[in-house]
Amino acid sequence: MWTTEWSAATPRTSMSKSEMIRLPLKKLYFVLLIVTFITIGEKSAVAIEEVPYTVIEQNGAFELRQYPPHIVAETTVEGAFDQVGNEGFRRLADYINGKNRSRQSIAMTAPVSQEAKSEKIAMTAPVSQEKSGDRWRITFVMPAKYALDMLPEPVDSRIEIKQEPGRLMAAVRYSGTWSLKRYDENKERLLAWIEERGFKQTAEPVWARYNPPFMPWFLRRNEILIPVDTH
């Protein structure tokens, strides 16, 4: 067991030669397990469709991006910054996993009937969170293959399907935990860059998360996006 060989109470000199050989092998095995886990996680994340954007300007971790119009499923949640994401994510995940009424029309001789079936929708990235009054707006971007009138109706009345306009966004990318502290630190960095460039903030910051919770914190891709006007 690892507990015996890694214990600080076990003197190094008490190990036999065979035990000393096995220890590096176990370390190597542990490292291989971690690498495999990370690789699988990265592959699943890469397979997720992302919102396209054009990079207009780049300076280290900072970018000025142009986002095209796109469709989102959104819900608003009351609560603390680091708590609302779970509730919003659950609602929206239920929607894309089948808690919806599909808009499928079936033409018959007479009359024309409509059959309401559920439909599964592919997950996209990122999951976004932004302040909306005294609440938080959580959004999933819908896959590009859907038009607004093609998406199924949510069963949950707290979810709305909306067309987002194209926006010019200043962005900063960072890794690490999903804590409020990390968010605030990087938001301040981005605001300083916006001021330095002479841009004007036009709306609330958006917090974007690209990875599932099981992704190790040091490999996560997190971003803060702030709508700006450069004129």
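Modeller: Strand E10 gives the largest share of the lining of the largest cavity, 3 residues. Strands here are DSSP runs of E with at least two residues, helices are runs of H or I with at least four, and both are numbered from the N terminus. This is a predicted model, where local features need pLDDT of at least 70, side-chain atom pairs need 80 or more, and totals for linings use all residues. Residues are numbered from 1 along each chain, and side-chain values use heavy atoms, without hydrogens and water.

The largest cavity has a volume of about 210 Å³. A cavity is a set of points on a 1 Å grid where a 1.4 Å probe fits but cannot get out, and lining residues have an atom within 4 Å of a point. The volume is the space filled by probe spheres set on the points. Of 17 lining residues, His70, Ser128, Arg167, Val206 and Leu225 are the closest to the centre. Strands E4 (70-77), E9 (127-132), E10 (135-141) and E13 (167-174) each give two or more residues. The lining holds 10 nonpolar, 3 polar and 4 charged residues.

Strand E10 also holds Phe140, which pairs with Phe89 of helix H3 (residues 81-96), so parts 51 residues apart in sequence are tied together. The ring centres are 5.3 Å apart and the planes at 70 degrees, so the pair is edge-to-face. Rings pair if their centres lie within 6.5 Å, and planes over 60 degrees apart count as edge-to-face. Phe140 is buried at 3% relative accessible area; Phe89 is partly exposed at 36%. Buried means under 20%, exposed over 50%, and partly exposed in between (1.4 Å probe, protein chains only).

Definitions and conventions: 1 Å grid on protein atoms, 1.4 Å probe; cavity = no way out; pocket = protein on both sides within 12 Å on 5 of 7 lines; lining within 4 Å. Nonpolar A, V, L, I, M, F, W, Y, C, P; charged D, E, K, R; others polar. Phe/Tyr/Trp six-rings, centres within 6.5 Å; stacked < 30°, edge-to-face > 60°.
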